[in-house]
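Reader: I have a model open and want to learn how to read it. Where do we start?
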Amino acid sequence: MNHTERLVTVENRLGLHARPAAELVKLASKFESEITISKDEMAVNGKSILGVMTLAAECGSTLLLKAEGADSEQAVEELAALLAHNYQEE
Amino acid sequence: MNHERLIKGIAVSPGIAVGPVYVMRTELPEITHRVISRDEVDAEADRLYRAVGDVRQELESLMKHTEARAGIEEAKIFNAQIAMLEDQEFLRAVESLVRDNLLTAERAFEFEALELRETWGQSSSATLQQRVTDLVGIQTRVLHRLLGQSLDDVLHEAGDRPAIVLARDLTPGLTVQLEQGSVIGLASEYGARTAHAAILARSMGIPCVMGLVGGIDRIRSGETALLDGTQGTVLIDPTDLEVADAYEREGLRLQLRRELESILGQPAVTRDGTAVVLRANVDLPEEVEAAAEHGAEGVGLFRTEFLVVGRTELPQEDEQAEFFERIGRRFAPYPVVIRSYDLGGDKFPAAFRAAPESNPFLGWRAIRVCLDEPDILRTQIRAMLRARASSDVRLMLPLISQVEELIRTREMMVLAAEELEREGVAFGPDLPLGVMIETPAAAMMVEELAGYSDFLSVGTNDLTQYTLAVDRGNARLADRFSPLHPAVVRLLKRVVDCAVCRGRDVSVCGEMASEPLSILLLLGLGYRVLSSSPGALPLVRWLVRQVDLAAAQRAAVAAMEASTTREVMDVLAQTIAERVDLNLLVAGRLSVR
């Protein structure tokens with residue numbers, strides 16, 4: 001089983017709240033791999049918006065992305081790109 | 001006014017509504033404990049997913065309505081709501097409680113829902129705490145469905161005739177659903193300007209007040225109320241006179257808004273032809289566009305604390321350089337004045353958090369931190385020097401009280417430039433250095449400070465606070481805090497005279513620069529550059545255009561001779577009243593807040 005992990009920083013100034021979290025989960029759900037996102041001592045399912053929101057990842061916080069599965073590399077690649085993207089929003 | 005009838009809250013969506021109040025109770029329904037038998041399990045799981053499907057349809061139809069009424073961006077709030085509703089991990093957990101513990105669907109759902117609400121509610125993140133409202137909104141819908149009710153039944157009563165709806169908490173779904181009925185105003189006990197429901201109310205133009213603490217206990221359904229979404233108040237059982245007053249205020253606010261719109265794009269020039277430069281104060285990157293749209297001729301105060309807040313370490317030089325350059329270019333050919341970190345108190349990255357101080361306003365903060373931890377300042381200086389290669393950025397130092405602070409910074413600038421030169425990194429060597437005049441010490445030493453700097457900028461909030469020894473955050477002292485105190489007026493005069501004499505640029509970047517009476521005074525004293533928050537720029541521009549400079553100068557002379565704050569205010573108010581309806585300005589203060 002392929003295993004990929006990477007540390008990423010949340011660039012969105014308001015952090016990973018409702019709408020950015022929804023986008024992240026939408027992207028994560030496209031992959032076959034199991035995706036885990038952890039911050040400090042907490043790890044959540046990357047395909048669960050409630051889990052991702054519970055992380056309360058503020059701007060600048062560091063997340064560990066982990067993927068297990070056939071498409072793990074691509075999953076981590078694309079999710080990291082999304083998190084690094086500093087999208088504008090309310 | 002009778003204070004028992006007046007309830008104060010937070011103004012989240014402007015406008016006036018008068019009518020009967022409907023107190024809406026959409027709390028999470030009570031769920032009784034009941035177990036099911038093993039052969040009911042599949043049917044119970046089906047029931048769960050059917051309820052979720054029904055709520056999804058409700059939310060989708062609300063989303064469509066929101067798109068039409070509020071806009072596509074606003075409607076995206078519902079995408080996140082639907083994702084929260086259909087969270088597979090959550091639903092699987094509920095389903096396994098049904099299957100393994102033989103709970104009813106509603107009991108299992110409530111069990112999981114409660115745990116999540118508690119986790120979010122206890123979070124140290126304020127944003128996540130606020131989102132509990134959204135969560136409750138979705139969970140209430142699902143539970144109502146599971147109990148065989150629809151939220152529509154609850155809302156039906158509210159929608160019957162025009163009413164002000166008062167709820168414990170306004171969820172986004174509820175807000176949109178109510179809007180489809182005949183709601184004329186919205187009020188809630190919880191919530192804040194940034195709540196999703198608040199954003200929706202503003203886009204749909206429904207007057208709304210949140211944070212009405214104890215509102216539900218004090219107002220009964222059917223009572224008439226006056227909701228003022230501009231001031232953030234609800235008045236129970238208003239008299240005809242009070243209603244008329246509210247509409248008059250609202251009329252003035254709209255009139256002022258029309259006036260401000262009518263001069264959009266016109267220069268800030270006094271009636272007698274003196275040009276005034278208007279710059280913006282920018283706290284957060286997303287204010288940059290608002291500043292540019294409102295015609296700011298550059299940024300008079302670019303705060304850099306946002307780079308640090310909420311982070312565990314300080315941002316690197318590259319990140320800062322790129323950022324400064326981008327902002328600098330955005331405002332070209334105008335300057336962007338960047339203030340070095342004004343850190344102190346709670347505004348510290350974890351690594352630098354110092355021991356609590358008994359008097360943080362007089363403590364280790366701002367330039368003092370930057371010079372004691374020179375790496376912090378060196379990084380900012382290098383980033384600004386680099387940005388200076390392609391944009392007109394300028395460095396400004398906060399809370400200066402000693403000439404040495406300026407001399408040491410100059411030395412660091414020279415060293416940083418030499419380093420960059422050696423490293424072969426592109427930079428602009430002539431980075432202008434400015435001083436914020438925020439302490440009486442700086443105002444008294446302004447000649448010497450001007451000698452070592454390229455420009456001066458008066459931070460009137462701190463200058464007032466330090467001169468009067470009045471904490472501006474202390475509500476009990478609120479009426480003692482005034483930048484129009486004669487002591488502050490005299491310091492302001494001293495600073496502008498010295499700057500003019502020395503040929504240094506001088507500006508005002510505190511709240512004074514957006515307060516009508518103060519603007520008159522500042523122009524009269526000789527200030528020609530004002531920097532205000534982006535939202536205040538239209539009002540400042542309009543006001544400058546009403547001012548007769550000769551009259552402002554006469555008023556300033558009188559203000560210099562005044563012995564009380566009251567006298568200063570009176571002379572300024574009299575002068576301004578010759579040109580402007582003072583009632584309009586009162587309305588203006590409400591709309592620019």
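Author: Start with burial: a residue is buried if 20 or more other C-beta atoms, placed from the backbone, lie within 10 Å of its own, exposed if 12 or fewer, and partly exposed in between. In chain B, 47% of the 593 residues are buried. This is a predicted model, where local features need pLDDT of at least 70, side-chain atom pairs count only at pLDDT 80 or more, and totals for chains, interfaces and linings use all residues. Residues are numbered from 1 along each chain as its sequence is written, and chains are lettered from A and ligands numbered from 1 in the order in which they are written.

Reader: What average pLDDT does chain B have?
Author: pLDDT is the predictor's confidence in each residue, from 0 to 100. Chain B averages 89, and 94% of the residues score at least 70. For the complex, the predictor gives an ipTM of 0.86 and a pTM of 0.68.

Reader: How many helices and strands are in chain B?
Author: Both are DSSP runs, numbered from the N terminus: helices are H or I with at least four residues, strands E with at least two. Chain B has 24 helices and 16 strands.

Reader: How many residues does each chain give to the contact between A and B?
Author: Two residues are in contact if their C-beta atoms, placed from the backbone, lie within 7 Å. Chain B gives 23 residues and chain A gives 21. On the chain B side, α2(B) has the largest share, five residues.

Reader: At what angle do α14 and α15 of chain B pack?
Author: Axes are lines fitted to C-alpha atoms, for helices over the stretch in contact, and angles run from 0 to 180 degrees between N-to-C directions. Helix α14(B) (374–388) and helix α15(B) (403–423) pack at about 60 degrees, with axes 10 Å apart. That makes α14(B) oblique to α15(B). Under 35 degrees is roughly parallel, over 145 roughly antiparallel, 65 to 115 roughly perpendicular, and the rest oblique. Residues of this contact include B:Leu377 and B:Ile381 of α14(B), and B:Met413 and B:Ala416 of α15(B).

Reader: Which backbone angles deserve a look?
Author: Most residues other than glycine have a negative phi, and most peptide bonds are trans. B:Leu102, not a glycine, has a positive phi of about 60 degrees. B:Leu102 sits in the loop between α3 and α4 of chain B. Phi of B:Leu399 is also positive, near 55 degrees.

Reader: Where is the cis peptide bond?
Author: The cis bond joins B:Ala332 and B:Pro333, with omega about 5 degrees. B:Pro333 lies in the loop between α12 (317–330) and β11 (336–339) of chain B.
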